[in-house]
Structures are given as structure tokens and as C-alpha cells.
Amino acid sequence: MLNYIWAFLLLTGMCAAALLGNVSGDGGIVASILSKSKAAVMDIALPLAGLMIFWLGVMRVMEKAGLLELAARALSPIMRRLFPDVPRDHPAMSAMIMNLAANMLGLGNSATPLGLKAMTHLQELNPYKHTASNAMVTFLAMNTAAFTLVPMTAINYLNAAGVKGAHQIIVPTILATACTVVTAVVTAKLYGKLPMFAIQPDDSVESTAAADQTAPVSEKITPKRRFWLIALFVIFGACAVLEFMPATARESVLHATGLSQVVEKAKQKAAPAAKATPNSAAAEAPQIEPAWKRFMNGGSGLAIPIVLVITLGVGMAKGVKVYEEFVEGAKEGFAVATRIMPFLVAMLAALAVFNSSGMLLLLEYMLRPVLGFIGFPVELLPMALMRPLTGSGSLGVLNDILLRPESSDLLKYTAAIMYGSTETTFYVLAVYFGSVGIRRIRHALAAGLTADVVGMGMAVIIGRMLFS
């Protein structure tokens with residue numbers, strides 16, 4: 001499944017870039033590929049390595065102190081129903097509990113190392129090493145559902161944009177994410193019973209063959225492969241022709257297809273946000289924080305120190321050599337971060353091509369009539385399309401909506417709820433499954449995207465009920 005998604009993002013992005021003149025230049029797809037490839041390693045993988053080293057060390061101490069077993073035992077009635085294939089005393093249970101708790105507390109990237117550890121343990125129980133098990137799919141679906149108690153990132157951006165009553169999105173976000181989690185679990189279970197998502201008996205044979213690096217690869221060009229090969233050369237030829245065409249010729253093509261109006265509207269939409277940015281300095285002026293915000297910020301800030309104090313206190317009381325165990329657990333952190341680097345580079349490069357090419361803009365243009373028919377605010381379409389793909393991109397869209405003068409309070413609140421009640425599905429799937437070598441992910445992808453759609457729909461419904 002990832003093969004088709006990755007190829008689709010790249011090929012459609014290159015076509016759109018050639019059509020809109022976004023192949024070269026500072027904002028072109030070539031510059032975006034190089035920039036995102038560097039950022040995948042320097043800005044994501046290496047910082048994540050530090051977090052991995054820290055949290056895996058802490059988890060090792062917690063395991064030796066018996067805290068993980070205690071947490072797993074306390075929540076075992078719920079977890080056993082959600083994950084019947086995982087033994088109650090298996091380390092995967094406690095690792096999943098820690099990850100889900102970190103997500104609920106809004107610890108952000110600190111939850112990722114815990115999730116990767118849980119995925120490693122789940123892979124130990126997986127009989128088909130290249131196909132996601134039902135337990136993996138359910139766990140990933142719950143991660144993409146992103147149940148959150150306090151959406152502090154969205155609240156901070158609302159405050160920075162001068163939106164009054166930013167705390168009002170807390171309860172709506174909890175309601176939306178609760179519905180999303182229920183949807184994620186139900187769809188993960190139901191989809192697993194469908195023939196197209198069920199694990200086939202020949203998966204074990206395929207898994208064994210894939211592990212054998214000396215297995216011969218068929219070099220025969222079948223009719224299907226010949227079709228895709230010809231289509232690829234046609235697409236590349238069309239891109240080359242459009243790239244070498246004069247600017248006036250490209251403009252005539254855009255005008256004939258009606259795409260010139262789409263591009264012009266996008267530029268006009270971005271102009272007010274650019275003008276509004278300097279005025280946001282007033283929102284950054286020192287202000288007295290309300291009591292609820294001090295409480296939430298203080299609670300979030302104390303979450304990690306409390307975990308460390310309890311872990312070290314209980315560990316030392318039980319005679320655990322906390323420093324030695326921390327170092328022993330931390331050793332595998334950098335190895336995991338290194339293992340996911342290729343998957344990060346591949347996915348972020350494809351997303352960079354898709355976004356910077358203008359393909360996202362064309363997709364928005366095509367979906368506008370459908371969204372208008374079902375009552376989904378067209379202004380939130382960029383957020384709906386960007387959120388499953390990239391966290392930084394969706395954060396930029398959120399900031400653009402908040403700083404746009406013509407945006408209503410309803411639109412701003414709804415965009416913030418949508419940001420807090422959904423997750424970057426493609427990023428999560430690439431990192432989590434890439435860390436353990438899972439290749440067949442269509443079951444998890446379907447469940448995660450369904451959860452995202454429900455989360456966005458609930459955000460719109462709750463936003464209209466409370467803020468219209």
C-alpha cells in the first residue's frame with residue numbers, strides 16, 4: 001500500500017509542478033525535496049534519537065522497579081478487551097499504556113519513543129513480520145485518533161492570535177477525540193473481518209521469501225508492468241515539455257483549463273494573512289495568565305518530573321541500580337532512531353513534492369463542490385487535507401486561518417478543535433511501522449483515515465453547536 005501512496009504523491013506532484021511552473025526555483029519541488037530530506041534527519045530523527053535514548057532508559061528503570069507491571073495490571077481489564085491477542089503480562093501492554101497516557105497528557109514528541117517501544121514488543125508477537133497484526137492496527141488507530149485532555153498547542157496559537165476564550169476548545173476537543181478513539185477501535189476491529197484487510201495464509205510464505213535476500217526477483221515485463229512503464233514515460237515527457245515551454249504558453253494552458261483562476265484566488269487568500277502577521281506582535285505582549293491556564297501549564301510541566309521522581313524513588317527503594325539500568329535501556333534508542341531515518345526521508349520528500357507542487361491546491365479546487373454540498377466549511381479544506389499529511393504544514397494552515405481578518409470566531413474555534421482532534425496519520429504510520437519493518441499497512445491506513453474523517457466531522461459539528 002505504501003508503494004502506491006508514495007508513487008502517487010510523487011507522480012501527481014511532479015505533474016502539477018510542471019503545469020504550474022513549480023519544478024525549479026526557491027519554492028519548487030527540487031528545493032523542497034532537498035530541504036525536507038535534510039530536515040527529516042537533522043530536525044526530526046536526531047532530536048527524536050535524544051528522546052528515544054532518554055525515555056527508553058526511563059522505561060528500563062520503570063520495568064525493573066515493577067511500575068510498568070503495576071500500570072498494566074491496573075488497566076488490564078480494558079486493555080485485554082482491546083488487545084485480546086497480547087498476553088496480559090507481556091511488556092507490550094505496559095508500553096502501550098505509557099504511550100497512550102503520554103498522548104492524553106499532551107506530551108507531544110515524548111510519546112513517540114514509548115510508541116516505538118510498544119511497536120517493537122508487538123512485532124515480537126506478530127507471526128507475519130511484514131504484515132501488521134490486528135493488535136498493531138488497533139494500537140496505531142488509537143494513536144492516530146489522538147485522544148487529548150488538554151490541546152495546549154491549539155490553545156497557545158489561539159491566544160497568540162488574540163482570540164478570546166481559547167480555553168473553550170478544551171471540552172469540545174475531548175468530546176471530538178473521544179468519538180474519534182471509539183471510531184478508531186471499532187473500525188480497526190470491523191475492517192479486520194473484511195476479506196480485503198484480513199491476513200491471508202500466504203502472508204507467511206511471502207514473509208519468508210522477503211527475508212531471504214537471495215530470492216530471485218522476476219524480471220519479466222508483464223502487461224500490467226508495461227502499462228505503468230509507458231504511463232511513467234508519458235508523465236515524464238509531459239512534465240519535460242511543460243517545463244521547457246515559455247511562460248506565456250504555460251499561462252495559456254492554465255487559462256484554458258481554468259487553473260489560473262484557482263492560483264489567483266490562492267494568492268489573494270494568502271495576502272490578508274501576510275498583512276495580518278505584523279499585527280500579531282500585539283498578541284505577544286506580556287499578559288497576566290488566567291488561573292486555568294497556569295494550572296494546565298503547570299500540570300503539563302510537572303508531568304515528566306513526577307514520572308521521574310516516582311520512578312527513581314520506587315527503583316531505589318527496591319534496590320534497583322537506576323543509573324546502570326537507565327544506560328542499559330538507553331542503548332537501543334539511537335539504533336531505533338537510525339532505523340526510521342530512511343522511512344522519514346522517503347515520506348517527507350514525497351509530501352514536500354505534493355505540497356510545494358500545487359497539487360494540494362488543485363485537490364482543494366476539485367473537492368470544493370462536494371464539501372459545499374455536505375455543509376463542510378470550504379475554508380477548512382486546507383486543514384482537512386494537510387492534517388493527515390504533516391504536522392508543521394497543518395500548524396501553518398491553522399495559523400493562517402487564525403490571523404486572517406475575515407475569519408469568523410466560529411471558523412477559528414473549529415480549526416483549532418480540528419487540529420487538536422486529529423493526527424498526522426501518514427507520518428505516524430511511516431515512523432511506527434517503519435521502525436519494525438512492516439510493509440503491508442492498508443488495514444491500519446483505512447482505520448486511521450476513518451478516524452481522521454470522523455474527528456474532522458465532529459470538530460465541525462461541535463464547533464457549530466457551541467460557537468455559532
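Analyst: Happy to; we can go from the whole chain down to single residues. Please keep in mind that this is a predicted model.

User: Thanks! How many helices and strands does the protein chain have?
Analyst: There are 21 helices and zero strands in the protein chain.

User: And what share of the residues counts as buried?
Analyst: Of its 468 residues, 45% count as buried.

User: What about contacts between residues at least 6 apart in sequence: what percentage join residues at least 24 apart?
Analyst: That would be 80% of those contacts.

User: Let's zoom in, then. At what angle do helix 2 and helix 6 pack?
Analyst: Helix 2, residues 29–65, packs against helix 6, residues 111–125, at an angle of about 65°. Their axes are 8 Å apart, and the crossing is right-handed.

User: Which residues make that contact?
Analyst: From helix 2 you have Leu-48, Leu-51, Met-52, Trp-55, Leu-56 and Met-59. Helix 6 brings Thr-112, Pro-113, Leu-114, Leu-116 and Lys-117. Sorted by class, the contact has nine nonpolar residues, one polar and one charged.

User: Leu-56 is on that list. How far is its C-alpha atom from that of Glu-328?
Analyst: The two C-alpha atoms are separated by 9.0 Å, though the residues are 272 apart along the chain. Glu-328 belongs to helix 15, which covers residues 322–356.

User: Is Glu-328 buried or partly exposed?
Analyst: Glu-328 is partly exposed, because its relative accessible area is 40%, and buried would need a value under 20%.

User: Why does Thr-12 count as buried?
Analyst: Its relative accessible area is 17%, and the cut-off for buried is under 20%, so Thr-12 falls on the buried side.

User: What about Leu-20: where is that one found?
Analyst: Leu-20 is also in helix 1, which runs over residues 2–20. This residue is buried too, with a relative accessible area of 15%. In sequence, Leu-20 and Gly-358 are 338 residues apart, but in space their C-alpha atoms are 7.0 Å apart.

User: Nice. Now a loop, please: where is Ser-407 placed?
Analyst: Ser-407 is in the loop between helix 18 (391–403) and helix 19 (409–420). Ser-407 is buried, with a relative accessible area of 7%.

User: What does its side chain reach?
Analyst: The Ser-407 side chain reaches the backbone oxygen of Ile-401 at 3.0 Å. Leaving aside neighbours within four places in sequence, Ser-407 has contacts with Ile-401 and Lys-412.

User: One last stop: where is Arg-440, and is it buried or partly exposed?
Analyst: Arg-440 is in another loop, between helix 20 (425–434) and helix 21 (442–467). Arg-440 is partly exposed, with a relative accessible area of 27%. Lys-129 is 311 residues from Arg-440 in sequence, yet the two are 9.7 Å apart in space, C-alpha to C-alpha.

Notes
Residues are numbered from 1 along each chain as its sequence is written. This is a predicted model: local features need pLDDT of at least 70, side-chain atom pairs count only at pLDDT 80 or more; totals for chains, interfaces and linings use all residues. Side-chain values use heavy atoms; hydrogens and water are left out. Axes are lines fitted to C-alpha atoms, for helices over the stretch in contact, and angles run from 0 to 180 degrees between N-to-C directions. Helices (H or I, at least four residues) and strands (E, at least two) are DSSP runs, numbered from the N terminus. A crossing is left-handed if the near helix is turned anticlockwise from the far one by less than a right angle, and right-handed if clockwise. Contact means heavy atoms within 4.5 Å. Ala, Val, Leu, Ile, Met, Phe, Trp, Tyr, Cys and Pro count as nonpolar, Asp, Glu, Lys and Arg as charged, and the others, Gly among them, as polar. Buried means under 20% relative accessible area, exposed over 50%, partly exposed in between (1.4 Å probe, protein chains only). A polar contact is a pair of N or O atoms within 3.5 Å; within protein, one must be able to donate a hydrogen and the other to accept it, and residues adjacent in sequence count only if both atoms are side-chain atoms.
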